[in-house]
Each structure stands twice: as structure tokens, then as C-alpha cells.
Amino acid sequence: MPLEEIEILSSKEIRRTLTRLASQIVEKSGDLSKLVLLGIYTRGVPLAEKLAEQIEVLEGVNVAIGALDITFYRDDFDTIGLRTPAKTNIPFDLSGKTVVLVDDVIYKGRTIRAALDAVIDHGRPEVIRLAVLVDRGHREVPIHPDFTGKKLPTAKEERVKVYLQDIDGRDGVELIKG
């Protein structure tokens, strides 16, 4: 059976979604001088950068951005195998900050659980929030995003693929069936 790819978000829709997410983050964060965005490798990092750019457009505030590698915090090495880790880059103190974790898709919640452990190893933020481009459901742990671009009910056998210009040469979100 051939794969069926259905466009969920176009490039324009991703741009609009990121603008909305940035506005929601600003509204909920209060003191923007305490706000930092941590992108989870791989696609969470460019999404965090795009959100920071949009926050700067909206508010004129330069938001600190970091990159978080959760490779050694995962609990599923047996199913995904050991990957070459990326480099965590958090060039600022997290203590007392409002940290917004940024990822492309939330599925079972295990990636975010691992990211929470990684963040705590780097400091004690005042609050940690979660922003995702797509929430596809099927949680295995009690984690829920604070900011969601698109809720997309899926079947477990389906996949959601996010394409970003910086990595893939184009922007888009597709649901892959088959």
C-alpha cells in the first residue's frame, strides 16, 4: 500500500501559526526580560529561533535562545537506538527564568519528559512551559503543551512530518498515512 501524504499546514499557515504562538507566549510570560526559549533538537531549534524573531517583531525584545539535546535523557534507547548526540547550547543561566521548551510535534510525551530532566540539570527556572507546532495526541505520560499551533488527531500508525526551510529546504507539515 503506497504512502499517502496530506498537507496539514502550508508555509503560509506555519508562518501565521508561529505569529499566533509568539503572541500567546508574550501574553502569558509577563516580564519578557526573564523569557528564554529552548529548542529541542532537531526541529525545535529553528522553531525557537523563528518564535524569537517574531517576539522581537511584536515587542522589540531580543529573547535568549538555547538548544537542548535530550539524547542521554531518553528512556527508549532500546527502540530508537543510540544516536549521535547534538550539542546542548544554553549560554545563559536558567535560574529564575521563564523557560519555554519548543518542539515540532508532541506525541507520547516522552521527549518532553526527557527535556524536563535536561533543563533541571542546567538550572532551576521559575517556570517551564511547552510550545509545540503540532499536538497529535496519544500521550503516555501526563504532559500537555501550554501553547499549541495545531491539534491534529491521528491514528497511531500515522506519522506527522514537519519540514522546515533551515533543515529541509521548505516549510510544511504533512500527515503520512500508510
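1. Charges are counted here with Lys and Arg as positive and Asp and Glu as negative, while His and the chain ends are not counted, and each charge is placed at NZ of Lys, CZ of Arg, CG of Asp or CD of Glu. On that basis, the mean positions of the 26 positive and 29 negative charges of the protein lie 2 Å apart.

2. This is a predicted model, in which local features need pLDDT of at least 70 and side-chain atom pairs count only at pLDDT 80 or more, whereas totals for chains, interfaces and linings use all residues. Residues are numbered from 1 along each chain as its sequence is written, and side-chain values use heavy atoms, with hydrogens and water left out.

3. The secondary structure consists of 5 helices and 8 strands, where helices (H or I, at least four residues) and strands (E, at least two) are DSSP runs numbered from the N terminus. Along the sequence these elements follow the pattern β-α-β-α-β-α-β-α-β-β-β-α-β. The radius of gyration is 16 Å, close to the 16 Å that the globule rule gives for 178 residues, so the protein is as compact as a globular protein of that length; the radius is taken over C-alpha atoms, and the rule is 2.2 Å times the number of residues to the power 0.38. The C-alpha trace spans about 50 × 35 × 30 Å along its principal axes.

4. Of the 178 residues, 47% count as buried, a class defined as under 20% relative accessible area, with exposed meaning over 50% and partly exposed in between (1.4 Å probe, protein chains only). The accessible surface comes to about 9,200 Å², of which 47% belongs to carbon and sulfur atoms; such areas come from the Shrake-Rupley method with a 1.4 Å probe, and for residues only the protein chains shown count as cover. Among contacts with a separation of 6 or more, 68% are between residues 24 or more positions apart, contact meaning heavy atoms within 4.5 Å.

5. An unreviewed UniProt entry lists residues 99–111 as "short sequence motif: PRPP-binding"; UniProt positions are given in the numbering used here, feature names are shortened, and annotations may be inferred rather than shown by experiment. Over residues 99–111 the chain is 15% helix and 62% strand, with the end C-alpha atoms 16 Å apart.

6. Arginine 110 lies in helix α4 and, at 29% relative accessibility, counts as partly exposed. Leaving out residues up to four places away in sequence, arginine 110 touches Asp75, Glu140 and Val141.

7. Which residues does leucine 94 touch, not counting residues up to four places away in sequence? They are Val36, Leu38, Val99, Val119, His122, Gly123, Arg124 and Pro125. Leucine 94 is placed in the loop between α3 (77–80) and β4 (98–106), and it counts as buried at 0% relative accessibility. Leucine 94 and lysine 34, 60 residues apart in sequence, are 9.1 Å apart from C-alpha to C-alpha.

8. Proline 125, a contact of leucine 94, is found in the loop between α4 (110–121) and β5 (127–135) and is buried, with a relative accessible area of 5%. Apart from neighbours within four places in sequence, proline 125 is in contact with Leu94, Ser95, Gly96, Lys97, Val99, Val119 and Ile120. The C-alpha atoms of proline 125 and valine 36 are separated by 9.9 Å, although the two are 89 residues apart along the chain.

9. Is threonine 17 buried or exposed? With a relative accessible area of 7%, threonine 17 is buried; it is found in helix α1 (residues 11–29) and touches Leu9, Leu133 and Gly149, not counting residues up to four places away in sequence. Threonine 148, in strand β6, is likewise buried, at 15% relative accessibility, and is in contact with Arg20, Leu21, Val132 and Asp135 once its neighbours within four places in sequence are set aside. The C-alpha atoms of threonine 148 and aspartate 135, 13 residues apart along the chain, are 6.7 Å from each other.

10. Two points of backbone geometry may be checked in the model. The peptide bond from tyrosine 41 to threonine 42 is cis, with omega near 10°, and threonine 42 lies in the loop between β2 (35–40) and α2 (44–59). Histidine 138 has phi near 70°, a positive value in a residue other than glycine; histidine 138 is placed in the loop between β5 and β6 (147–151) and is partly exposed, with a relative accessible area of 26%.
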